[in-house]
Amino acid sequence: RLNYHKHLVIDGHFASRYFPGTGLWLAPFVAWGHPHWGQWLAGAITSVLIFWIGRELHSNRLGFIAGSLTALAPGMGMFSNLLLAHHPTLVGLSVFLLAFLRLVRTGSGIAATVAGVGLTYAMLCRPMTAAGVALPCGVYFAWWVLAKPPHDEAFGNRIRVRAVAGLGIPLLLGFVGLFCFNRAITGDGFYSPYQQFTDVYTPRHGYGFNNVIRGEQKLTPRVIDNYDRWAENLTPSVAAMNVWKRHVASWQWTLGIIPLLLATVVVLICPPRCRGPWWLIPAGIVSLQAVHIPYWFVGMLDYHYVFESGPLWTLVFGLATCQLVDAWHAAQRRMMTLWWGAVVATSFAMSFLSFEPFWAGWLYRGVVQMVFARGQHAGFQQLMKQAVVSRPAIVLIDPDPADRHIDYVTNRPDLQNDLLLGRYIPDIVSIPRVQELFPDRTVYVFRYRNRGYERTIDLNIVSQPSPTRRTD
């Protein structure tokens with residue numbers, strides 16, 4: 001209990017509360033000492049796959065537009081430098097969408113298997129996001145298998161069997177793997193570490209409406225009270241506001257409100273002619289928004305829950321651009337193409353550049369939000385190196401109630417490093433009990449308070465090992 005972190009579950013196991021796909025992706029890059037390389041590579045792969053998806057749907061021109069905008073989007077740049085699950089999820093979803101479009105066009109069993117593998121991997125990273133983007137494809141696939149009339153009945157049935165097996169077997173194996181993963185950590189294959197963490201430590205943060213009311217009915221002494229009270233009770237009005245904020249932020253962090261608003265109008269008024277079911281792209285955006293409606297938190301930067309919609313929006317914009325350029329050339333109005341390019345360039349300039357004091361670019365705003373937390377963590381680590389001189393030691397952290405979102409408790413899984421970090425919770429575990437549990441360690445208590453512009457930092461020794469105790 002002394003060593004739980006908001007990303008960890010301690011109940012006989014020391015494990016991440018998150019799903020295993022992201023760890024699988026980052027593991028080799030962490031071993032090389034450059035974890036961010038994994039995110040950068042995932043972003044590059046996603047941009048290439050979006051190009052192929054555009055090519056599969058329409059043309060090289062659409063692929064070039066969508067792939068380039070995906071690579072240049074400020075949201076991709078921002079999240080490429082955060083070690084989150086979104087980039088690996090995007091790789092899986094992009095593989096799935098490309099292979100699925102080829103499957104419904106060609107009936108290829110190989111495409112079905114690749115689509116199944118891509119969706120399975122995305123599910124192992126962010127299950128709800130994977131389900132949201134793939135739901136329209138699942139509906140279309142059911143129609144394609146059950147209702148679409150084949151040209152040749154016998155041949156068509158063989159294609160359907162291959163498609164169902166190719167798509168279904170990887171998903172089935174993924175569900176089995178996830179069942180084993182859950183059971184190894186929580187003891188129940190249908191009970192994920194993520195849900196266990198929420199139930200034990202932050203019950204007010206649960207999924208669904210009236211989350212605070214429901215969470216207050218199952219509070220335990222192990223609840224992280226200050227962080228848990230941050231949750232806002234989800235009502236229909238709060239949910240509607242969250243959807244609006246996420247939608248606007250997805251435009252702002254992809255290309256800009258005006259270009260994407262115009263593109264949406266164009267696509268709605270004049271549906272594009274494509275080789276495949278292009279409507280699966282905007283339907284995936286809507287579905288991704290819908291599955292996050294029952295969550296009270298709007299998301300980091302108002303965006304991260306629907307981050308994976310960004311590359312889909314570039315495809316929508318590319319479809320609209322291809323239609324407009326063709327219409328303008330047919331009408332001998334080629335200067336309109338330059339105007340459209342100027343709109344895009346202006347939007348990118350407003351995203352990446354700041355014009356103080358009139359405008360702060362979106363990328364700058366995002367960096368400012370992230371810099372504070374990173375600066376606090378860096379300062380804490382430096383203080384630990386300089387001030388904790390009596391080692392081995394355990395530092396019990398009494399966090400600042402005014403800052404719910406910075407958690408300094410991080411330890412190696414084996415708890416064998418010479419400096420352990422834990423929570424200061426004397427009502428549950430007293431200092432004598434801590435010294436009894438860690439007899440060979442000096443016990444420190446760290447307090448950090450911000451009062452306006454005044455910062456107070458205390459780091460005091462509260463207990464030292466007895467010289468008569470064995471330390472072996």
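1. The side chain of Asn417 has a polar atom 2.6 Å from the backbone oxygen of Leu419. Asn417 sits in the loop between strand S3 (393–398) and strand S4 (419–423); helices (H or I, at least four residues) and strands (E, at least two) are DSSP runs, numbered from the N terminus.

2. This is a predicted model, in which local features need pLDDT of at least 70 and side-chain atom pairs count only at pLDDT 80 or more, while totals for chains, interfaces and linings use all residues. Residues are numbered from 1 along each chain as its sequence is written, and side-chain values use heavy atoms, with hydrogens and water left out.

3. Asn417 counts as buried because its relative accessibility is 15% (buried: under 20% relative accessible area; exposed: over 50%; partly exposed: in between; 1.4 Å probe, protein chains only). Leaving aside neighbours within four places in sequence, Asn417 is in contact (heavy atoms within 4.5 Å) with Asn411, Arg412 and Arg441. Pro392 is 25 residues from Asn417 in sequence, with a C-alpha to C-alpha separation of 8.0 Å.

4. Thr70 belongs to helix H3 (residues 60–72) and, at 1% relative accessibility, counts as buried. Its side chain reaches the backbone oxygen of Ala66 at 2.8 Å. The Thr70 side chain also makes a polar contact with the side chain of Thr314 at 3.1 Å (a pair of N or O atoms within 3.5 Å; within protein, one must be able to donate a hydrogen and the other to accept it, and residues adjacent in sequence count only if both atoms are side-chain atoms). Beyond neighbours within four places in sequence, the contacts of Thr70 are Thr46, Ser47, Ile50, Met76, Pro311 and Thr314.

5. Helix H5 (residues 86–106) has 21 residues, which at 1.5 Å a residue should span 30 Å; the end C-alpha atoms are 30 Å apart, in agreement. The expected span is 1.5 Å times one less than the number of residues. Of the 21 residues of H5, 17 are buried, so the helix is largely enclosed by the rest of the structure.
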